[in-house]
Amino acid sequence: MEKNKILVEPSDYDTAIANGYNEDLAPLPAEQRKWGFFNYFTLWMGSVHNVPNYLAVGGFLFLGMSPVNVMLALILSSFGVMGLLILNGLYGFDYGIPSTMALRSTYGSKGAKLPGVLRGLIAAIMWYGLQTYAGSKALLILIGKIYPAFLNIGGGFEFLGIGLPALICFIIFWTINLIIGIGGGDSISKFTAVLNPLIYIVFGGMVIWAVRVNGGLGPILNYSSGVTRTSSNIFIYLMIISSVLSVWAAPGVSSSDFGRNAKDFKSFSLGQGVGLFVSYLLFAFSSVFILIGATVYYQTPMWDVLEIVNKWDSLIAVAFSMVVLLMTTISTNATGNIIPAGYQLATLFPKKVDFRKGVILASIISFVICPWKLMENQNSIYLFLDIIGSLMGPIAGTMIAHYLFIVKRDIWLTRIYAKEVNLYKPDVNYAAYGSTIVGAVVPLTFKFIEPLAKYSQVSWIIAFIVAFLLYVWLGKTQLRNQTNRTADEMPIHLATKENCKVK
């Protein structure tokens with residue numbers, strides 16, 4: 001089998017449609033793919049330059065390392081992120097399948113439901129609602145700057161704990177996110193193409209401002225948080241890299257949703273690789289310079305980029321910067337949350353729900369859960385989301401191990417898209433489930449074992465490695481035990497063209 005070539009045939013698409021799958025879930029053949037290098041180069045830039053990531057860097061600066069070391073750690077993190085997105089996106093590039101079907105090929109048709117629900121519904125919709133609410137707060141600040149009387153609309157009126165001005169901003173921002181999400185991958189590609197140069201303008205301008213108000217680079221590069229390091233530089237590097245990968249844990253699981261749009265392997269791999277490296281190179285410098293520059297200039301810790309912008313005197317500069325920050329939130333929301341949720345709902349109900357209906361339904365659910373209420377109890381909601389996030393690392397580790405080392409990029413699409421009524425019965429890949437569970441539990445237990453407690457700070461890395469290595473061993477053992485089965489008896493996750501002798 002020739003590697004790095006699109007392996008799906010038009011007949012595979014036709015078979016999936018004939019078996020009752022809608023066109024959003026069917027394997028995408030080469031002639032239907034439109035994305036080139038530039039689409040992938042700009043795809044994730046908004047996800048790198050967003051408000052939560054700047055807040056995270058503020059925390060990194062208090063780990064006791066110098067600003068230069070923090071920047072280097074962020075740049076090194078880009079290689080881990082690009083490896084995660086490219087390797088797990090091969091499902092989509094090779095066979096044109098979305099992440100929901102990639103989960104099916106790894107965990108089995110029945111087994112894919114739990115990791116799919118965790119990734120595509122619970123994690124995606126919860127984060128979608130929370131990020132939409134966070135973005136709407138920025139919109140509220142912006143409108144309040146332009147039209148202060150807006151903040152008093154409705155007096156003391158509240159709707160389920162949210163005031164009328166905040167509710168109006170939430171509805172406006174929620175609607176914008178929905179419109180972008182309905183457009184799917186093509187809409188996101190066009191959106192990020194517009195967003196890309198604006199990001200350079202805003203954050204490049206903020207870096208220039210930070211350097212200028214402090215009289216040069218010296219005060220920024222010589223800044224010290226005053227915190228004494230409690231671990232070696234190497235371990236702190238791993239902590240930062242693991243934290244960055246945790247941010248990308250959910251998109252890493254669903255990266256095949258975007259890999260399936262690639263026209264060729266060079267665009268898919270090099271576009272994402274160069275795009276992520278350039279984005280993190282710029283992010284490393286801009287985040288450290290902006291946050292430290294503002295902290296030194298205002299003589300108080302300034303780790304919220306929105307708070308920094310809000311202190312500026314120029315209304316034009318504030319408005320332009322806030323709009324771009326809102327756009328980065330939309331980009332992150334669409335690529336990381338709403339698109340995977342739309343695909344997952346379409347997979348659960350393939351005959352009644354297509355991708356667009358799935359996006360609309362997921363958006364409605366994100367509104368109904370009242371994310372502003374969830375954020376009132378930060379301890380419980382963030383504990384819940386931390387648990388969901390900890391599962392994404394081992395899921396990605398299991399998926400990559402399965403595709404590269406067990407089936408070796410050889411998938412029999414006929415089995416994956418078979419009708420449920422035929423002899424290809426639903427199955428569960430228990431080896432994948434076991435590896436995922438062990439991968440999630442191991443770093444979690446470290447929190448309760450004093451000598452190992454500090455290693456829970458690199459939980460994503462540990463969870464990924466444990467699940468990856470365990471599944472390579474269990475998967476190969478499982479494959480050896482299937483050698484005497486006929487093609488019809490072979491479970492979905494092990495049915496390849498090679499081992500089922502399909503020519």
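Begin by selecting residues 265–298, which form helix α15: its 34 residues reach 48 Å from the first C-alpha to the last, close to the 50 Å expected at 1.5 Å a residue. Keep in mind throughout that this is a predicted model.

Next, show the side chain of D264 together with the backbone of K266, and you will find, at the start of α15, a side-chain oxygen of D264 that reaches to within 3.2 Å of the backbone nitrogen of K266.

For the next stop, select R409 and D94, which form a salt bridge whose closest N and O atoms are 2.9 Å apart. This pair links distant parts of the chain, since R409 lies in the loop between α20 (378–406) and α21 (413–416), whereas D94 belongs to helix α6 (residues 90–95), 315 residues apart. Both R409 and D94 are buried, and a search of the whole structure finds one salt bridge. Side chains of opposite charge can pair when their charged atoms come close.

Finally, move to helix α7 (residues 99–107) and select T100, which has its place there. Is T100 buried or exposed? T100 counts as buried because its relative accessibility is 5%, which falls under the 20% cut-off for that term. To see what surrounds this residue, display L25, Y343, Q344 and T347, which T100 touches when residues up to four places away in sequence are not counted.

How values were computed: Residues numbered from 1 in each chain as written. Predicted model: local features only at pLDDT ≥ 70, side-chain atom pairs only at ≥ 80, totals over all residues. Heavy atoms only, no water. Helix = DSSP H or I, 4+ residues; strand = E, 2+ residues; numbered from the N terminus. Expected span 1.5 Å × (residues − 1). Polar contact = N/O pair within 3.5 Å; in protein donor to acceptor, adjacent residues only side chain to side chain. Salt bridge = Lys/Arg side-chain N within 4 Å of Asp/Glu carboxyl O. Buried < 20%, exposed > 50% of the residue type's maximum accessible area, 1.4 Å probe, protein only. Contact = heavy atoms within 4.5 Å.
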